[in-house]
Amino acid sequence: MSGAARPAGHPPTGHTPAGRRAPHSRGASHSSGAQHSKDAVYSRGALHAGAWWLWALGLATAASRTTNPLLLGLLVAVAGYVVAVRRTDAPWARSYGAFLKLGLLVLAIRLTFAVLLGSPIPGTHVLVTLPEVPLPDWAQGVRIGGRVTAEGLVFALYDGLKLATLLVCVGAANALANPARLLKSLPGALYEAGVAVVVAMTFAPNLVADVQRLRAARRLRGRPDRGVRALLQVGLPVLEGALERSVALAAAMDARGYGRTAQVPPAVTRATAALTLGGLLGVCAGTYGLLAARGAGFGLPVLLVGLAAALGGLWLGGRRSARSRYRPDRWDARAWLVSGSGVAVAGLMIWAASYAPQAFDPPAVPLTAPVLPLWPAAAVLVGLLPAFAAPAPTRAPYAKTPRTTSEDTGKEATR
């Protein structure tokens with residue numbers, strides 16, 4: 001028999017009589033277990049964050065190649081559908097609506113500027129003539145007011161819709177990718193810069209979540225949650241919460257030894273700087289050669305050499321980072337499918353734009369209705385693959401508030 005003898009009538013250690021509950025198993029253990037399960041829900045079986053960003057950047061690249069409103073609207077619909085079926089209930093996933101509103105705001109500002117400041121596109125269909133403000137001679141080419149033509153508004157609509165689509169694609173990546181997991185996947189040389197980028201990317205989702213939470217609290221208290229006055233009253237708590245999160249993040253980073261670097265030889269440091277700087281210059285020169293009309297012959301080799309040098313510099317720079325990874329994210333077959341769908345959309349759109357430029361950039365002069373090209377539209381629909389290949393989102397369980405009875409209170413007081 002193991003263990004010491006127990007007096008008669010006493011239950012074994014770790015057990016309680018029937019009908020009674022252990023007082024130490026209700027409070028902190030329940031809350032810590034709920035928090036642990038919530039964190040596990042957001043990380044278990046999730047897709048690699050880099051795959052979501054590659055998919056979104058592929059859609060954004062496709063949007064940058066066209067001003068056709070039908071293709072741009074199709075890209076927005078594809079991104080919105082994937083976000084609707086694959087985002088979780090995490091705080092960063094609530095920022096997609098804010099990016100949609102920001103895109104509409106950009107579109108409205110672009111149209112307003114076209115009305116007030118005019119458009120470089122000549123037009124014959126005059127919609128309205130505004131009073132024109134006389135400007136000095138040194139401001140030639142700039143006007144305020146004057147004729148507002150339909151051609152100018154259509155050109156501004158196409159241009160603003162392209163920028164709004166780019167914002168929607170970035171918002172989709174913010175809503176689907178966990179920023180903390182993305183930071184964990186960065187190479188060691190980019191870890192310090194990645195922290196700043198991740199903090200900047202999470203500011204907007206956290207800001208939206210704080211505004212929604214405070215507006216809900218005002219509604220529960222019977223106070224107005226709309227209007228300028230309500231916005232001013234909500235602004236101070238939101239900024240206070242952002243400051244508290246920044247201080248808590250700084251304390252957590254300092255407690256975990258952030259900023260420590262390993263000792264490396266000076267020759268390795270100089271080689272790292274030379275490879276990284278030279279590689280980035282090579283990437284810029286190669287990209288310019290590919291985009292230029294006469295540099296296609298040397299653009300691709302220079303781009304490949306620069307990319308290899310930059311990767312070598314990043315690998316050497318990672319030796320200075322004295323950090324380890326706990327359970328690193330794996331790039332599995334689903335991540336390949338999701339990222340490959342975005343790259344395929346970008347590649348097919350770039351290839352199709354060279355063969356049908358008229359369909360990708362419908363002219364504003366003369367006014368013609370845009371036409372939806374079938375093959376580019378089918379290429380955009382390839383971006384719907386993450387809606388079926390990515391893992392289904394797992395909702396966090398509802399954590400019930402533990403109830404404390406008078407019996408439990410008395411037992412805790414006598415312990």
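Predicted model: local features only at pLDDT ≥ 70, side-chain atom pairs only at ≥ 80, totals over all residues.
Local features need pLDDT of at least 70, side-chain atom pairs count only at pLDDT 80 or more, and totals for chains, interfaces and linings use all residues. Residues are numbered from 1 along each chain as its sequence is written, and side-chain values use heavy atoms, with hydrogens and water left out.

Two packed helices are described by the angle between their axes and the distance between the axes. Axes are lines fitted to C-alpha atoms, for helices over the stretch in contact, with angles from 0 to 180 degrees between N-to-C directions. Helices are DSSP runs (H or I, at least four residues), numbered from the N terminus.

| Pair | Axes come within | Crossing angle |
|---|---|---|
| α2 (residues 49–64) and α3 (residues 69–86) | 9 Å | roughly 165 degrees |
| α11 (residues 333–355) and α13 (residues 374–381) | 8 Å | roughly 165 degrees |

**α2 and α3.** The crossing angle is roughly 165 degrees. That makes α2 roughly antiparallel to α3 (an angle over 145 degrees). The crossing of α2 past α3 is left-handed (the near helix is turned anticlockwise from the far one by less than a right angle). Trp52, Trp55, Leu59, Ala62 and Ala63 of α2 make the contact with Leu72, Leu75, Ala79, Val82 and Arg86 of α3 (heavy atoms within 4.5 Å). Nine of these residues are nonpolar, none polar and one charged. Here Ala, Val, Leu, Ile, Met, Phe, Trp, Tyr, Cys and Pro count as nonpolar, Asp, Glu, Lys and Arg as charged, and the others, Gly among them, as polar.

**α11 and α13.** These helices are also roughly antiparallel to each other. α11 passes α13 in a left-handed crossing. From α11, Val345, Leu348, Met349 and Ala352 take part in the contact; from α13, Pro376, Ala379 and Val380 do. Seven residues of this contact are nonpolar, with no polar and no charged ones.

Terms used
Helix = DSSP H or I, 4+ residues; strand = E, 2+ residues; numbered from the N terminus. Parallel < 35°, antiparallel > 145°, perpendicular 65-115°, else oblique.
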